[in-house]
Amino acid sequence: MSIWKLSASAEKDAQILRNLLHKPPLLGGAKKICTLIERLSATDEPAAIPSVASGLFSSSETIHNAASSGIAKLLNLVPTIELIRLSEFLGGYFYGYVYERRDRIKPRQVEAYLKKTSDIAVGSLLSLHKNGYVRQIAVRFLSDVDSGEEIRFLLLRQNDWVDSISETAQSAICDRLTGDNLVSFVSESDLLMHLLECKRRDLSKIVSLYIDLLIAPQHREHVNEAVNSCGKQTGRKLIGLLLCRDGDHLADVVQFGVSSHDGVVRSKCLRRASDCLPADVCTEIAERFLSDKFIPVRLEAYELSAASSPAMSTGIWKRGLFDKSRSLRETAMFYLKKDGCDVASIYRKHLSRFPNSLPALSGLVESGDEKDIALFFQCLASPYASRRAEAVRGLGRFDRKSDVGRIQQSLLDESARVVRAAHQQLSTTRNQLNPEHLFGLIDDCKNLAGKKAILHLLLGLGRWPALSFLIRAAANEDALVADYSRSLIDASFCMNRVFTQPSSEQKKQIQTAIDESANDLANSVILDLRSYLSSYGFSV
């Protein structure tokens, strides 16, 4: 449940409190109000802050003290990053009379009150007030406080849309960025990184001062704590800033980061490992992550391992040839080809021992030559769809006209993966396709994916060459094929208009297709066709 939603019992107490504040009883009113404020404060529900805040400016000192104590307690329960939400919550939530005293308070009253009471909790709460003059006075008050409690509220007000408030808050934060206050800033690292991403104010100078303080030799023990206090995205940002700085802290950050649960952090730290750690340590770290589930981490691990052991880099990249990731295999091919290795022969040798190795087959598709076509034909009969799909890719790579017919047959495969691979390869060789033969495959397809792929390939031939086939498909007894074909006809006429006129032969083919399919076409389809074709000078 959201921290900004009261529980049923707390909501009941808040309602009673609102009624009492609106019309306090003559006898025992202050005592009842204080009891309700204390009860709401004891719920440990930050959503009770607006209700408790209603007693801050009461004429009764007893009620004020109870409210002040409750606000201090509840504000400590609000996570730093949620302070942003608290500001919105206080400004946008409607509580009727609860807000009257807080919202109607005048700046001179705030200044006199804070000067008299020096109440940090009230000053912190008023720094979130919707009135800019009230916020300004509250921020001035907090800038004179030096207890550490004010820091996170000053951090938030750095991003205020009022220039003078933002400048006062930034100046106060700069004055507090010292070793004595570092622990307070470490716990607010999440908010600092979050505000850095906001575009209203440029807080890069503040963050830079904080990073300089954090990586100082006497404060390095706080680095891990600062990262742990951040969320996922802000933690990545902080790690990135720490890795950008050279210094003795770098080794600690890398050692900490490679153990992170976040793959982005692990990959960033592996990238800097060779700059701060001995070669043997780098080799040991890289070995741990060569099988990481996150592809960028594995890639950085291979790079680190090869850089740490140059004499063994060829063997390391040969291992990378059989990684599950295509991008990583291509990287390994790049480095091995630079060293003069025959990558294709490595894959052929591996396949001779392990015929069902998918990474080896995929690698051979990328690096092989026409000598491997016979092997690709063999793989088309594999019981595994992944191998059949790679074989289709392999055949399509050489752009041989004699192989087009066999690739077309793969459109009939029961696996959508194989169909996609065949569609992708045939899309680059449309000039070699026989549309009559291709259209004849529709009724033999075993799944809808193959039929859709055929219709897309036909449409890829051009509107006019494809239209007669799409009209016949719109009359197909398979309702899904018919509906999909109609949608392609509509799309071909309704998207970018083609101004070329159909040839007399194409007109004849279209008319014949309509005549043959007229009994199976819906009247709405025929009417649409007439409307589309009439703009091109012929009627059906």
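Two residues are in contact when they have heavy atoms within 4.5 Å of each other. With that in hand, welcome to this predicted model, where local features need pLDDT of at least 70, side-chain atom pairs count only at pLDDT 80 or more, and totals for chains, interfaces and linings use all residues. Residues are numbered from 1 along each chain as its sequence is written, and side-chain values use heavy atoms, with hydrogens and water left out.

**Overall build**
- The chain has 34 helices and zero strands, both being DSSP runs numbered from the N terminus (helices: H or I, at least four residues; strands: E, at least two).
- Its radius of gyration is 36 Å, well over the 24 Å that the globule rule gives for 540 residues, so the chain is more spread out than a compact globule. That radius is taken over C-alpha atoms, and the rule is 2.2 Å times the number of residues to the power 0.38.
- Along the principal axes, the C-alpha atoms fill a box of roughly 95 × 75 × 40 Å.

**Contacts and confidence**
- Of the contacts between residues at least 6 apart in sequence, 65% join residues at least 24 apart.
- The average pLDDT (the predictor's confidence in each residue, from 0 to 100) is 87, and 94% of the residues score at least 70.
- Over residues 92-102 the pLDDT is below 50.

**A stop at Ala-360**
- You will find Ala-360 in helix α24, which covers residues 358-367.
- Ala-360 has 0% relative accessibility and counts as buried (under 20% relative accessible area, with a 1.4 Å probe and protein chains only; exposed is over 50%, partly exposed in between).
- Beyond neighbours within four places in sequence, Ala-360 touches Phe-322, Tyr-347, His-350 and Leu-351.
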